[in-house]
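Hello,

Here is the structure I promised to hand over. Please look through it, then read my notes below.

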Amino acid sequence: METMGNLRRTHYVGALRAKDAGTEMTVAGSIAKCRDKGGIIFADLRDNTGILQLIFDDSTDKAVFEKAGSLKSEYVVIAKGVLRERDAKTDKIPTGEVELFVTELRVLSEAETTPFEVRDGINVNDQLRLKYRYLDLRRPSMHEPIVLRSKIAQLIRNYYCDNHFVEIETPMLIKSTPEGARDYLVPSRVQPGHFYALPQSPQLYKQILMLSGFDRYFQIARCFRDEDLRADRQPEFTQVDMEMSFATEEDIMTVNEGLVKKLFKEILNVEVETPFLRMPYAEAMARFGSDKPDTRFGLELMDVTDAVRTSQFVVFRSAVEGGGSVRAINVKGMADKLSRKEIDKLVEVAKTYGAKGLAYTRWTADAKSSSFEKFLTEEEIRALYAAADFAQGDVLLLAADANSEKACTILGAVRLAVAEKYELIDKDKFNFLWVTDFPLFEYSEEEGRYMAKHHPFTMPKDEDLDKVESDPGACRAKAYDMVLNGCEVGGGSIRINDPALQDRMFRALGFTEERARESFGFLMDAYRYGAPPHGGMAFGFDRLVMLMLKKDSIRDVIAFPKVQNAGEPMSGCPETVEQKQLDDLSIAYVPKTEE
């Protein structure tokens, strides 16, 4: 191996074009591929910005040519030469018009044969890719999203700063509080038996900042939640966090619509229309069976309860008598494609959301089949068809439950499954909307009490203030989620700034005064010294980047992601530690035993 000597990079390769031909330059990077054609050698050099072809021929210095003949994939080199136009131009890479005729070459680091080819289009299992993440990230399709992520973060900072927000870092070692996901705990060495928590969000601190006189705050914050992983969830993640004083829901939504508009224009050259549609939670559930509806396709839910209210079909009748409803979707013109076998698969989807089954009628040109119509009168069938706009060629899918929201949720999942299976979704669309007026509370069967739908500091709607204690299930919140293509990308609320109302909220959630003070006493004390009306929201930064770049998983936009068991295959964490470290922290480890 050699040193760089007196060579220093003068150009990155990604921007080089025919207009630069004739320029002497020095480039540096890794060899993506090398081809020795006898009297001529071609080598593709890859750097942070792209790929450039290097060329060595019979006019090349003999020592340089011999060195080029030893090049292999992933060798790290620095090369000096003259850029010239290629004889055989290609549009496969942006620099396909030019090549560098090399006059000086230094091999800075050799490389062993890699466990997989470092190029796009390879078929390698995820575990191997993650184990050798540093190789995987060299591939252009993996490298580019990380670079774009950085550009998006810079645009976010510029936007908020231009709108009078102050970037403030909040602590990473904080007090563990209830009412959220499971905390990651950090033991204190100097206070044995005491623990910090890693922040699930900067929520309490950003509210304290509003009380501290910072009218507008933002932060690109690292957050941690000890919960199961999904394609769009990691145990550690990045959150774009913001808060505003003297602001209404509309103020906060408008500011953040402006941010999204800027990001999509500057990164994707996509014009996002603002203002976004506002859709109340109740409407979203009734029409789409989801509080994060995908509006890129139809198949909206219909309430057909009145048409079958008196039917003898026990599933419908018991749902209605229990105070629930019967909901339907009409998959129009799909009877020939949506076979009985495919309907059975949809039944399994419904069951995963708590359904006992899925009722259907399928009407092809040849025949009509139904799982329930024999229990209905002709009049009820006609009423159902009219309510659902059902005709020959269609498939009608129905869910019923004594809990209307559950019936909607079941059918909402079926709706998405049908759309994915039959490619009803326009993948090129970016459909934004706000879901508003969320329930303030939700009942937890596990806890046997009402829990905060978002968090305990969310302001109730003005017209529902008298229901906080008397009818918590009917209370709505001044809360809002930003939804993109069926994914929640951000959410927030107006916060309670009245100490008396905050006390009522804690009581409604089953907190004793002692427990409330133990968990949130410092915030309650701060309220006593004047709290401006305020609110804010947070974006899931990883998720937003994933959706912008049309990736299937947030792993593809995170440099070093975790896997299903919350481990990182490359470094092998989490790992055991030496007993001395445990002793210093006053921790005794008791292994779990099989029951």
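The model is predicted: local features need pLDDT of at least 70, side-chain atom pairs count only at pLDDT 80 or more, and totals for chains, interfaces and linings use all residues. Residues are numbered from 1 along each chain as its sequence is written, and side-chain values use heavy atoms, with hydrogens and water left out.

The barrel comes first. Five strands close it in the order β1-β2-β3-β5-β4, with mixed pairing. The twist from one strand to the next averages 55°. Strands here are DSSP runs of E with at least two residues, helices are runs of H or I with at least four, and both are numbered from the N terminus. Two strands pair if DSSP finds at least two bridges between them. β2 (residues 41-47) and β3 (residues 50-56) run antiparallel and are joined by seven bridges. In that pair, A43 stands opposite L54 of β3.

Next, helix α6. It covers residues 249-268, 20 residues in total. Just after α6, N269 takes a positive phi of about 55°.

Last, M570. This residue lies in the loop between α15 (541-548) and α16 (579-584).

Best wishes

Conventions: Expected span 1.5 Å × (residues − 1). Axes fitted to C-alpha atoms, helices over the stretch in contact; angles between N-to-C directions.
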